[in-house]
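Have the sequence open next to the 3D view for this one. We'll take the model a piece at a time and look at what sits where.

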Amino acid sequence: MPWYQTRLTELLQISSPIIQAGMAGGITSPRLVAAVSNAGGLGSLGAGYMSPEDIRQAIREIRKQTDRPFAVNLMVPAPYETNAEQERLMKNHLKRFEEAAGASGQETTSHAAISFEEQIHVILEEKVPVACFTFGIPSPAVIQEMHARHTVVIGTATSVREAVEVEKSGMDAVVAQGSEAGGHRGTFLSAEFPYVGTMALIPQVVDHVRIPVVAAGGIMDGRGVLASLALGADGVQMGSAFLPTLESSAHDKHKEAALQSTDESTVMTTVFSGKPARAIQNEFIREMKNYPHPLPPYPVQNALTKYLRQAASKKGNTDYMALWAGQAAALSRCEPAEELIKRIMSQVNQCLSQLAGEH
């Protein structure tokens with residue numbers, strides 16, 4: 001059986017064991033999702049911050065551009081406590097950054113969460129082929145309803161414990177997210193946020209669950225794909241590799257920062273959202289290290305910094321943008337998504353030939 005035919009490709013009905021990560025925040029345009037799916041991988045819409053109606057429109061736009069399977073990625077909400085004094089202190093502290101970023105007009109800050117139930121309702125109504133979840137596990141009723149509509153359900157884990165819980169919940173596969181990955185940690189069981197690297201995490205998860213395991217974190221090319229398969233994974237999920245592709249809706253300055261990054265450029269930070277996430281270090285991250293008070297929790301901090309991030313984005317000011325990227329983002333290229341997937345598949349074949357001693 002060819003190396004690219006795995007339990008994951010069979011489960012998802014795709015031809016290449018490559019999932020494009022559901023990067024929330026407007027990066028995963030319908031065009032990118034469709035391009036990845038048309039190229040044989042699984043394109044994913046990062047819908048965590050999208051309204052139910054926007055999700056519905058994006059799904060329908062994706063379907064206009066592809067008849068292949070695709071995924072929608074959602075964030076499972078968790079309880080959090082609000083603290084008026086914490087919020088007041090943070091709002092006051094952020095004002096000078098907002099001025100430096102060239103913000104103008106009235107701030108409208110609300111951490112009222114978009115209804116997860118309504119987001120789920122759209123996924124069910126639209127009969128999305130694949131639903132991916134991070135930050136937790138949806139209720140048994142949601143998973144059962146999705147299965148009743150023939151939707152494949154995938155969870156995210158950052159530890160063996162979490163992967164075991166994903167399997168127990170009845171999900172069909174698990175993304176094992178190593179600490180090299182860009183963006184938010186998918187952690188939901190530990191308050192300490194485990195930072196287990198991909199190389200250490202994948203074989204341990206594989207040894208503890210029976211469902212297909214998808215490796216994520218630091219995988220950028222054929223070498224990473226082959227290494228993941230050698231560790232026992234059934235496929236890979238890649239975010240930073242797709243960030244600077246032509247179809248990506250990431251800000252041009254974000255793409256540029258990823259392309260110009262090095263292995264030492266990123267840090268894990270909570271300053272943008274209140275939840276640990278990997279980003280390219282910039283002025284805001286450095287300055288916030290001196291903040292003397294506790295940060296508001298996610299999603300409160302995420303809402304409080306939204307005005308700053310939007311203003312910085314409009315001005316193209318990378319000092320105050322959330323430049324999510326993984327530790328291997330320097331290996332990324334500006335190219336069409338289809339070319340990226342073709343290149344990866346070719347690289348795996350080349351690696352296999354070299355390992356077999358063929359020249």
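## Ground rules

This is a predicted model, so local features are used only where pLDDT is at least 70 and side-chain atom pairs only at pLDDT 80 or more, while totals for chains, interfaces and linings use all residues. Residues are counted from 1 along each chain as its sequence is written, and side-chain values rest on heavy atoms, with hydrogens and water left out.

Helices (H or I, at least four residues) and strands (E, at least two) are DSSP runs, numbered from the N terminus.

## Helix H4

Start with helix H4, residues 84-100. Its 17 residues should span 24 Å at 1.5 Å a residue, and the end C-alpha atoms are 25 Å apart, which agrees.

How are the ends of H4 set up? Just past the helix, Gly102 has a positive phi of about 80°.

Which residues of H4 are buried? They are Gln86, Glu87, Met90, His93, Leu94, Phe97 and Glu98. Here buried means under 20% relative accessible area, exposed means over 50%, and partly exposed is in between, using a 1.4 Å probe and protein chains only. The cover over these residues includes helix H11 (283-288), helix H12 (300-304) and helix H13 (306-315).

Strand E6 takes in residues 173-177, and five of its five residues are buried. Ala173, Val175 and Gln177 point one way, Val174 and Ala176 point the other way, and all are buried.

Strand E5 (residues 152-157) pairs with E6 in the parallel sense over four bridges; two strands count as paired if DSSP finds at least two bridges between them. Ala157 has Ala176 in E6 as its bridge partner. To get from E5 to E6 the chain goes through helix H7 (residues 160-168), making a right-handed β-α-β crossover. Right-handed means that, with the strands pointing away from the viewer, the path from the first strand over the helix to the second runs clockwise.

E6 also runs parallel to strand E8 (residues 213-216), and four bridges join them. One of the pairs to find on screen is Val175 with its bridge partner Val214 in E8.

## A three-stranded sheet

Now look for an open sheet of three strands in the order E7-E11-E10, where the pairing is antiparallel. Strand E7 (183-184) and strand E10 (266-269) are the edges, each pairing on one side only. E7 and strand E11 (residues 277-280) are joined in the antiparallel sense by two bridges, and His184 has Ala277 of E11 as its bridge partner.

Gln281 sits in the loop between E11 and H11. Is Gln281 buried or partly exposed? With a relative accessible area of 26%, Gln281 is partly exposed. Val267 is 14 residues away from Gln281 in sequence, yet their C-alpha atoms are 6.0 Å apart. Setting aside neighbours within four places in sequence, Gln281 has contacts (heavy atoms within 4.5 Å) with Ser265, Thr266, Val267, Arg286 and Lys289. The side chains of Gln281 and Lys289 are joined by a polar contact of 3.1 Å. A polar contact is a pair of N or O atoms within 3.5 Å; within protein, one must be able to donate a hydrogen and the other to accept it, and residues adjacent in sequence count only if both atoms are side-chain atoms.

## Loop residues worth a click

Two residues other than glycine have a positive phi. Phe135, in the loop between strand E4 (130-134) and helix H6 (140-148), has a phi of about 70° and counts as buried at 7% relative accessibility. Phe193, in the loop between E7 and helix H8 (198-208), has a phi near 55° and counts as buried at 17%.

Ser29 is in the loop between strand E1 (18-20) and helix H2 (30-38). At 11% relative accessibility Ser29 counts as buried, and, not counting residues up to four places away in sequence, Ser29 touches Glu247 and Ser249. Finally, a cis peptide bond joins Tyr298 and Pro299, with omega about 5°; Pro299 is in the loop between H11 and H12.

Definitions and conventions
Expected span 1.5 Å × (residues − 1).
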